[in-house]
Amino acid sequence: MDYSAKLDEALNKLHEEGRYRTFIDIERKNGQFPHATWRKPDGSEQPITVWCGNDYLGMGQHPVVLAAMHEAIEATGAGSGGTRNISGTTVYHKRLEAELADLHGKEAALLFTSAYIANDATLSTLPKLFPGLIIYSDALNHASMIEGVRRNGGAKRIFRHNDLAHLRALLEADDPAAPKLIAFESIYSMDGDFGPIKEICDLADEFGALTYIDEVHAVGMYGPRGAGVAEQERLMHRIDIINGTLAKAYGVMGGYIAASHKLCDAIRSYAPGFIFTTSLPPAIAAGAAASVAHLKHDNSLREKHQEQAAKLKLRLKGMGLPIIDHGSHIVPVMVGDPVHTKALSDMLLENYGIYVQPINFPTVPRGTERLRFTPSPVHGPSEMETLIQAMDALWSHCALNRAELAG
Ligand SMILES: *Cc1c(COP(=O)(O)O)cnc(C)c1O
């Protein structure tokens, strides 16, 4: 067996399809986000503005978060020193779980090393707890949910994205006595559209199903205390399991589920992805807890975030650029082919110091390749102006289509 040739084959396939991923080497500077330094392959450096990060509110450099992390490092050192079961549960983990349970108005919360693991571990474990469980999963669910559903050995039904009639038809076709769970997201990160939470909860009630929502792109940013879209729509109590991340708007790392005490206890006891891995470092837990606590009270960052997104969408629309606008904070500009998307991204970076990663197939369907901007409260007016001017110039340079402007 020529192992090396096999690896070449696998890698060349990606190159041929234009899907080989190149990472941009960037260094964030404390207190200066969204400004950062790009370390180019030739060894030189260029200052850039990050326009595609998930540190949506700039909490990754917030003094409250950093202070809590410094304090925990001074108090306890670097790592947790074990799995949750074997010497790795600390006051910091318990405090964070209490903070998260309170955030979502649930009896309990369970911490994982990431929201990816939280989704994968929980969804792959549920059929062990509810034998015969059928999972109804939105077609555009995140890879971590797909993975958890795929390898759990249970039955699955994929419903067309946000298609309630299709979901109903699938529910109707199954044994009324079978245990069921509907898994979906509150905000889908590629289009920035919302899941129909109330309608899905209604269907779940009608068919006796549990509900599982991924609020990863909403926690910290939506709702009066930052608990997400379900909080904003006063529907949190109707969701059985809420999944969130501590790595995006909360700016640190880690993921969790919030649910009943009994459900968290069962996942804690049965999910290998929770049991057999070292718990988060105490400093990470401390920083995340400080971030969650801060955003429960500080509405100003949330409001500024929405204002910034609205402003950017208005400006891009004003130039006739084809953006998708579902009213969320995510700003996708449709380019429609991988070559132009990559070219725009390259020119923005090289010529204007604007970093936005191209989004290509298979992350999005072919023909919908796009640039996805994530404005934040720390992107100032001059950064916004530079971006608008650059997009205007490059759109013309590439001779891409614009919408007819009204008036
Ligand atoms: C980013 C993301 C995750 C994974 O979150 P991490 O904490 O980064 O692992 C899960 N679900 C969705 C929808 C995401 O976009």
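**Labels and the values behind them**

Modeller: Let me begin with the surface, where Leu 7, Leu 11 and Tyr 20 make a nonpolar patch of about 300 Å²; please keep in mind throughout that this is a predicted model.

Colleague: Why does Tyr 20 count as partly exposed?

Modeller: Tyr 20, which lies in the loop between α1 (3-16) and β1 (26-28), has a relative accessibility of 39%. Partly exposed is the class between the buried limit of under 20% and the exposed limit of over 50%, so Tyr 20, at 39%, counts as partly exposed.

Colleague: What makes you call Ser 291 buried or exposed?

Modeller: Ser 291, found in helix α11, has a relative accessible area of 0%, and since buried means under 20%, Ser 291 is buried. Its contacts, leaving aside residues up to four places away in sequence, are with Met 59, Val 65 and Tyr 250.

Colleague: How do you know on which side of α12 the buried residues lie?

Modeller: In α12, the buried residues are Leu 301, Arg 302, His 305, Gln 308, Ala 309, Leu 312, Lys 313 and Leu 316. They cover an arc of only 125° around the axis, and therefore they are on the same side of α12. Among the elements that cover these residues are α11 (282-297) and α14 (381-397).

Colleague: Why is the contact between Arg 28 and Asp 55 called a salt bridge?

Modeller: The closest N and O atoms of Arg 28 and Asp 55 are 2.9 Å apart, and because the limit for a salt bridge is within 4 Å, the pair qualifies. The pair links distant parts of the chain, with Arg 28 in strand β1 and Asp 55 in the loop between β3 (45-50) and α2 (63-76). With 34% relative accessible area Arg 28 is partly exposed, whereas Asp 55, with 8%, is buried.

Colleague: What parts does the pair of Lys 296 and Glu 99 tie together?

Modeller: The side chains of Lys 296 and Glu 99 meet in a salt bridge at 2.5 Å, N to O. Lys 296 lies in helix α11 and Glu 99 in helix α3 (residues 91-104), so the pair ties together parts that are 197 residues apart in sequence.

Colleague: Why are Arg 150 and Glu 147 separated by about one helical turn?

Modeller: Arg 150 and Glu 147 are three residues apart in helix α5 (residues 143-150), which means a separation of about one helical turn. Their closest N and O atoms are 2.6 Å apart, in a salt bridge.

Methods: Residues numbered from 1 in each chain as written. Predicted model: local features only at pLDDT ≥ 70, side-chain atom pairs only at ≥ 80, totals over all residues. Heavy atoms only, no water. Patch = residues over 30% accessible without salt bridge, like charges linked within 9 Å, V, L, I, M, F, W, Y side chains within 5 Å. Areas by Shrake-Rupley, 256 points an atom, 1.4 Å probe, with all protein chains shown as cover. Helix = DSSP H or I, 4+ residues; strand = E, 2+ residues; numbered from the N terminus. Buried < 20%, exposed > 50% of the residue type's maximum accessible area, 1.4 Å probe, protein only. Arc of directions from axis to C-beta. Contact = heavy atoms within 4.5 Å.
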